[in-house]
Amino acid sequence: MTSSTTLRGLRVVLYAVSALILVDQVTELAITALPARLSDMQWRFGLFGLFAGRATPFLLADGLVLATALIFEDSRLIRPWAILHLILALPLAVGLAVFGLDVVQLGRTVRTGAERGFAMAAVRAGVMGLFGLAYCVMAGLIVFRATRKGARRHAADSSEQSLLVVTKGRS
């Protein structure tokens with residue numbers, strides 16, 4: 001059996017690793033993306049591709065946060081984290097739409113011989129963006145629903161345990 005001190009330490013380590021990964025990725029994106037040039041289609045295309053390229057570390061860190069919060073029943077973190085996923089889905093959906101428009105417009109300006117590379121980069125970024133959007137929505141909804149059901153089930157389990165103790169004491 002593991003002691004509660006060991007479990008608390010594991011919890012801290014898992015959150016720390018997640019935070020380190022997230023801070024590293026956000027810092028890397030900020031350094032690369034700044035200064036912002038929102039009116040520049042090529043910059044927007046590159047930024048979306050950069051986000052798509054960083055999706056895997058973000059998803060790993062996010063999954064680690066979610067798993068840790070669910071395993072250790074960190075109710076103060078679980079629901080807000082689920083809501084954050086649903087909130088992030090909106091700018092991601094808008095970003096995907098703008099990215100799609102930029103791909104169409106930039107596709108006309110790609111020099112001869114570079115079309116295949118451009119298309120592959122666009123498809124990869126688009127697919128990763130779609131998966132990221134689906135993940136945000138699914139993770140947000142599933143975790144939000146699980147915590148609602150989990151809270152009801154936990155309350156029901158607690159009342160059953162209390163009832164068993166009372167019943168056991170009478171026999």
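How many salt bridges does a search of the whole structure find? The search finds four salt bridges (a side-chain nitrogen of Lys or Arg within 4 Å of a carboxyl oxygen of Asp or Glu), and three of them are shown in the views below.

This is a predicted model, in which local features need pLDDT of at least 70 and side-chain atom pairs count only at pLDDT 80 or more, while totals for chains, interfaces and linings use all residues. Residues are numbered from 1 along each chain as its sequence is written, and side-chain values use heavy atoms, with hydrogens and water left out.

**View 1. The salt bridge between Arg11 and Asp74.** The closest N and O atoms of this pair are 2.8 Å apart. Because Arg11 lies in helix α1 (residues 4-33) and Asp74 in the loop between α3 (55-71) and α4 (75-107), the pair ties together parts that are 63 residues apart in sequence; helices are DSSP runs (H or I, at least four residues), numbered from the N terminus. Asp74 is buried at a relative accessible area of 10%, whereas Arg11, at 30%, is partly exposed (buried is under 20%, exposed over 50%, partly exposed in between, with a 1.4 Å probe and protein chains only).

**View 2. The salt bridge between Arg54 and Glu28.** Here the closest N and O atoms are 3.6 Å apart. Arg54, in the loop between α2 (41-53) and α3, is linked to Glu28 in helix α1, 26 residues away. Arg54 is partly exposed at 23%, and Glu28 is partly exposed at 33%.

**View 3. The salt bridge between Asp102 and Arg44.** The side chains meet at 2.7 Å, N to O, and the pair links helix α4, which holds Asp102, with helix α2, which holds Arg44, across 58 residues. Asp102 is buried, with a relative accessible area of 3%, while Arg44 is partly exposed at 22%.

Key. Helix = DSSP H or I, 4+ residues; strand = E, 2+ residues; numbered from the N terminus.
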